[in-house]
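Please open the model in a viewer and keep the selection panel at hand.

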Amino acid sequence: MGCVWGAGIGAMGQGWWPQGLCGAATGPCGASMGPWGACGAGTEAVGQGQAIWGQARGAHRGAAVACGGPSWTVGSPGARGAVGQPPSASVDPVLPPFPPPPAARAPAMGLLSDPHCRRALSRLVLRLNTPLCALSYVAGLGWFLALAFQPLAPRTYMSENAMGSTMVEEQFLFGERALSYAREFAGHKKKAGGMPVAWLEKTMWTLGLEVHRQPFSRTLPFPDELRERYMVKGTNVYGILRAPRAASTEALVLSVPCSEGPHNNQAVGLMLALASYFRGQIYWAKDIIFLVNEHDLLGMEAWLEAYHDVNLTEIRSSGTLGRAGAIQAAISLELSSDVVTSFDVAVEGLNGQLPNLDLLNLFHAFCQKNGLLCTIQGKLPRSDWDSLPAFAHSLQTLLLMVLAQASGQPRGDHGLFLRYRIEAITLRGINSFRQYKTLEGMFRKLNNLLERLHQSYFFYLLPSLSRFVSIGVYMPAFGFLILVLILKALDLWMKLSKSETGGAERLWDSDHAGGEESRPGLLALVPPLVICHAAGLALYYLPVLGQHVATQHFPVSESEAVVLTVIAIYVAGMALPHNTHRVLAGGGSDRGWMTLKLLALLYLALQLGCLALLNFSLGFLLAATMVPAAAAVQPNGPKVLLAALLVLATPAATLLLGIFLQRELVEAPAAAGEGWQLFLAALAQGLLQHHLYGAFLCPLLALGTYPCWLLLWNVLCWK
């Protein structure tokens with residue numbers, strides 16, 4: 001029955017037949033029919049796999065493709081010649097649609113299309129749910145601990161070509177001038193009782209800078225007892241070194257916070273000496289801003305808002321009279337003595353933001369070039385990565401960074417620059433040293449940038465300055481923890497589906513009323529949802545709004561009233577009436593609490609998943625503490641044990657445990673009383689950070705995590 005197409009039909013590019021109809025055919029048609037393939041009678045396979053007809057994939061269904069068969073009918077009669085004759089090239093063929101054959105459709109439908117496979121999978125999930133959850137949780141913690149191992153933490157490298165080499169000849173020799181400026185600044189500061197604005201303006205003007213001042217003021221939502229301030233007024237002073245080889249389109253910033261007392265006077269002296277040296281160079285292609293900000297983060301926030309002409313907080317300022325170009329990078333400098341032997345670098349910014357890794361790599365490269373010791377989290381890097389003590393050292397550094405990032409508080413003035421997409425770090429000089437060439441080299445390299453830093457990582461963890469863990473490596477640890485919630489939610493969903501099917505069968509065979517009693521509606525879930533989120537709203541708004549009422553009725557200060565109100569509302573949420581579902585028909589059945597727990601698990605998984613994309617450390621810590629309690633809680637079990645586990649899983653308990661862990665890692669363990677005082681101070685600072693700078697930790701815990709935890713507490717109290 002085999003056949004051969006007539007001469008000329010198979011000519012590539014000359015006949016009407018599409019090139020890819022049969023491809024390199026291997027299908028037999030009685031005998032081998034050459035490169036354009038053949039079709040056996042009654043077969044659908046054409047060419048190597050399936051005939052490609054126009055844009056469609058797959059073979060013609062049925063026997064219409066058989067060469068020489070009577071069913072070969074395409075288009076209208078006469079549109080093509082008989083088999084063995086070339087069709088008319090002037091007629092455009094009308095091609096019918098060709099759905100894929102059953103063999104091609106079956107893999108796409110997957111195993112879930114088979115009801116037997118679905119039942120087997122559901123039985124497997126139900127039977128092995130608890131072991132799978134335990135295994136996934138242990139795998140998540142194990143993966144996180146393994147991040148400190150060398151194979152998972154490769155060496156850092158420079159990705160930006162403009163900063164790929166440290167071949168810069170530093171010539172800054174103004175160390176003595178820096179010390180002279182520092183002593184002079186300290187004298188005028190002591191005489192003025194604060195920042196000597198007039199002296200700074202005069203000195204910067206003498207150095208040839210374009211000088212501006214910015215007064216600002218801010219009334220705090222409640223007194224800051226840690227720094228003893230409520231009505232804050234200050235002045236920022238900054239000088240602009242205009243680039244002689246550019247049109248003021250880009251800029252770099254060197255900032256120094258003016259602190260109370262003798263702290264950081266040396267940093268101001270070094271900044272002025274660098275300004276004097278930079279003024280005499282002609283290779284600058286970017287403006288350089290030398291900024292002295294008062295009142296640490298408050299002054300920096302006021303300057304950044306005025307510079308970018310935005311109003312994110314309630315800081316009042318006169319604005320900035322002078323502007324340079326778009327800020328590409330910034331370095332904040334803090335020195336503790338006249339001379340410095342080592343630098344500690346801080347990278348954690350507001351809400352856990354991190355600068356581009358290339359900026360950190362640049363600092364590390366110049367420290368190595370100049371023989372300067374550099375640390376991160378106060379830890380020196382070790383060279384013996386293969387030893388167990390080195391692994392423990394790297395794990396300590398990694399945990400310290402995770403705790404600092406999870407707090408959401410900036411560890412320096414650089415942390416506020418990151419909100420404006422400005423890469424920045426804070427350098428803290430420790431003990432003594434006089435090599436100031438590191439800063440000169442960094443600014444000269446940043447001057448070479450043609451665009452913003454973007455080629456390296458923005459999401460990473462640092463077990464040391466020389467090694468990093470990228471987001472693709474540390475995210476699986478979080479994924480394993482979230483998998484526990486997904487598996488437990490899937491288990492509840494299958495049980496609910498099974499009970500619903502059984503209830504429908506019983507409803508068919510037996511009493512109608514009994515079937516309705518076992519199936520409570522979604523109305524039973526409304527009261528606990530409303531109560532839990534109302535408690536969250538009270539936790540967020542009442543402490544600050546009700547501080548004056550509390551001070552009138554209790555002998556406490558405003559700051560103490562805010563913190564004590566937070567604790568009172570937090571604890572009162574556990575005593576709320578969580579049994580309102582019992583007034584509804586069927587609200588107290590097992591289906592009720594299973595549905596509520598399913599909703600709480602999905603709610604928690606969604607929150608933690610979104611949070612981990614913004615602040616991995618915070619999401620991981622909350623998942624590590626809340627996931628076991630969320631998976632285990634149920635009303636039918638050892639309630640005392642489950643209640644204790646659930647209380648230990650609260651966000652407040654996570655904060656308290658994090659404080660003790662951080663003190664242990666810095667080798668300064670805190671006693672119980674000291675830890676409690678640090679906990680109260682952390683609550684107050686968290687509220688202030690939110691109202692002053694927009695940190696999202698406070699609203700996240702109050703409006704999201706705490707109501708979700710109350711839903712789990714409601715499941716435990718279900719009757």
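A contact means heavy atoms within 4.5 Å. With that criterion, among contacts in the protein between residues at least 6 apart in sequence, 78% join residues at least 24 apart. This is a predicted model, in which local features need pLDDT of at least 70 and side-chain atom pairs count only at pLDDT 80 or more, while totals for chains, interfaces and linings use all residues. Residues are numbered from 1 along each chain as its sequence is written, and side-chain values use heavy atoms, with hydrogens and water left out.

**The whole protein.** Select everything and colour by secondary structure: the protein has 22 helices and eleven strands. Helices (H or I, at least four residues) and strands (E, at least two) are DSSP runs, numbered from the N terminus. Of the 719 residues, 50% are buried; buried means under 20% relative accessible area, exposed over 50%, and partly exposed in between (1.4 Å probe, protein chains only). Switch to a surface display next. The accessible surface comes to about 33,000 Å², and 62% of this belongs to carbon and sulfur atoms (Shrake-Rupley method, 1.4 Å probe; for residues, only the protein chains shown count as cover).

**A nonpolar patch.** Select Leu-121, Leu-124, Leu-128 and Leu-132, which form a nonpolar patch on the surface with about 300 Å² of accessible area together. Patches consist of residues with over 30% relative accessible area and no salt bridge; nonpolar side chains (Val, Leu, Ile, Met, Phe, Trp, Tyr) are joined within 5 Å, like charges within 9 Å. A salt bridge is a side-chain nitrogen of Lys or Arg within 4 Å of a carboxyl oxygen of Asp or Glu. Leu-124 belongs to helix α2 (residues 115–127) and is partly exposed, at 40% relative accessible area.

**A parallel strand pair.** Move to strands β7 (residues 342–346) and β8 (residues 373–376), which pair in the parallel sense over four bridges; pairing requires at least two DSSP bridges between the strands. From β7 the chain passes through helix α8 (residues 357–369) to β8, a right-handed β-α-β crossover: with the strands pointing away from the viewer, the path from the first strand over the helix to the second runs clockwise. Within the pair, Val-345 stands opposite Ile-376 in β8.

**Two buried sites.** Select Gly-429 in strand β9 (residues 423–430). Gly-429 is buried, with a relative accessible area of 4%.

Finish at Ser-456, in the loop between α11 (437–446) and β10 (460–464). Which residues does Ser-456 touch, not counting residues up to four places away in sequence? They are Ser-159, Asn-356, Leu-357 and Asp-358. Ser-456 counts as buried because its relative accessibility is 9%.
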